[in-house]
Amino acid sequence: MPKINLKLLKNQIKKAIGSAKDLKELNDIFKRYLGKRGELTQVLRSLEKLPKIRRAKVGKEANELKNFLRIKCDQKAIGIKEKIRKETAKIEWIDITRPGEKPVLGHLHPLSQVKNKAEEIFQLMGFSMVEGPEIETEWYNFDALNIPKDHPARDLWDTLWLKDNYKLKTKNYKLLLRTHTSPVQIRYMEKNNPPLRIIVPGRVFRHEATDASHEINFYQVEGLMVDKKVSVANFKAIIQEFFQKFFKKPIEIRLRPGYFPFTEPSFEVDMTCLTCGGKGCSVCSQTGWLEMMGAGMVHPNVFKAAGLNPKNWQGFAFGMGLDRLAMMKYKINDIRLFYSGDLRFLNQF
Ligand SMILES: [Zn+2]
């Protein structure tokens, strides 16, 4: 039977708790006295061996000490936690008056922005937006557009051919990645009777070396207007209106003779140089004009290929590069930047 000195034990406990510096130390002290083999635990266990008279007295004192230890430990723990909280608050404080940080939001690619703007302007002039497949047959890409096989004009387009063929009606045609958006002219006229006004924005592909102004794929917007009486004058007015709305500047346009197998007559379309306003500068090679697109009056053979009688209908068609429009609008000098995925470039728009 160990000699029990509860008073001494109480002083030891008081001292130990008082000097505890953190929660772990406090926990160790608690275990030292009230753990499985704790000093106070042993006292409490030995009570039954005491004579009855002493047992009541010592038991009462020991239980009081047990409560004392518990309360002191709890109080100390609260004190330590509060101290930790204050210290952390000194380091990790929150300034609730500070403005919040905005989450990073993406935005549309410059080519999408230009495409949307072009669509919006043409739609205001009564044109509908139409799409077509990027994988085409040589029929729609060439034959139906008055570019027969072995015709030298077919070499104007450097084509990416696919391995597979596709059966159209009774004939097998080679498949390819469309070299222009013009096939959609035929596809649309096969299913829709004039009068019609459409634009066809979309991606086209060329098998050629890339440089600052050439990419293996790029975007075009095709235009087609067909009615009983549609003239070059209608075309000029519509295109001039488009450029003025697109560049938000007064713009003149001029037509030069050109050649495309699917239009007759064909022309190249120039507009006033945006940099010098027509006076002549290095951007326009001192001419005052910038080359913008190819266009012309729909060739009778194209109407025939689409199942329309060329004697009944007239129309104009044009095709321009969306990349070129974007390059002019934003003064970008390398087409490859659009496809680089470089955020330093893209974040400027
Ligand atoms: Zn100029």
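**Pocket, helix packing and backbone features of a predicted model**

The largest pocket is lined by 43 residues, and those nearest its centre are Met292, Met293, Met320, Gly321 and Arg324. The structure is a predicted model, in which local features need pLDDT of at least 70 and side-chain atom pairs count only at pLDDT 80 or more, while totals for chains, interfaces and linings use all residues. Residues are numbered from 1 along each chain as its sequence is written, and side-chain values use heavy atoms, with hydrogens and water left out.

The volume of the largest pocket is about 1200 Å³. A pocket is here an open set of points on a 1 Å grid over the protein atoms alone, where a 1.4 Å probe fits, with protein on both sides within 12 Å along at least five of seven lines; lining residues have an atom within 4 Å of a point. Grid points are joined across faces, edges and corners, and the volume is the space filled by probe spheres set on the points. At least two lining residues come from each of strand E6 (217–227), strand E8 (263–272), strand E9 (289–298), strand E10 (314–321) and helix H10 (322–330). Helices (H or I, at least four residues) and strands (E, at least two) are DSSP runs numbered from the N terminus. The greatest contribution to the lining is that of E9, with seven residues. Sorted by class, the lining comprises 20 nonpolar, 13 polar and ten charged residues; Ala, Val, Leu, Ile, Met, Phe, Trp, Tyr, Cys and Pro count as nonpolar, Asp, Glu, Lys and Arg as charged, and the others, Gly among them, as polar.

The axes of helix H1 (residues 6–19) and helix H2 (residues 23–34) cross at roughly 165° and come within 9 Å. Axes are lines fitted to C-alpha atoms, for helices over the stretch in contact, and angles run from 0 to 180 degrees between N-to-C directions. H1 and H2 are therefore roughly antiparallel, a term for angles over 145 degrees, whereas those under 35 count as roughly parallel, 65 to 115 as roughly perpendicular and the rest as oblique. Their crossing is right-handed; this applies if the near helix is turned clockwise from the far one by less than a right angle, and left-handed if anticlockwise. On the H1 side, Leu9, Gln12, Ile13, Ala16, Ile17 and Ser19 meet Glu25, Leu26, Ile29, Arg32 and Tyr33 of H2, contact meaning heavy atoms within 4.5 Å. This contact has seven nonpolar, two polar and two charged residues.

H1 also packs against H4, the two axes coming within 11 Å and crossing at roughly 5°. The two helices are therefore roughly parallel to each other. From H1, Leu6, Leu9, Lys10, Ile13, Lys14, Ile17 and Gly18 meet Val58, Glu61, Ala62, Leu65, Phe68, Leu69, Lys72, Cys73 and Lys76 of H4. Ten nonpolar, one polar and five charged residues make up this contact.

Helix H3 (residues 39–46) packs on helix H4 (residues 52–91) at an angle of about 150°, with the axes 10 Å apart. That angle makes H3 roughly antiparallel to H4. H3 passes H4 in a left-handed crossing, where Leu40, Val43 and Leu44 of H3 contact Ala62, Asn63, Leu65 and Lys66 of H4. The residues of this contact are five nonpolar, one polar and one charged.

Some backbone features remain. The peptide bond from Pro194 to Pro195 is cis, with omega near 0°, and Pro195 is placed in the loop between helix H7 (183–191) and strand E5 (196–205). Glu264 and Pro265 are likewise joined by a cis peptide bond, with omega about -5°; Pro265 lies in strand E8. Asn146, a residue other than glycine, has a positive phi near 65° and is found in the loop between helix H6 (138–141) and strand E3 (160–168). Lys169 has a positive phi near 55° and lies in the loop between E3 and strand E4 (171–177).
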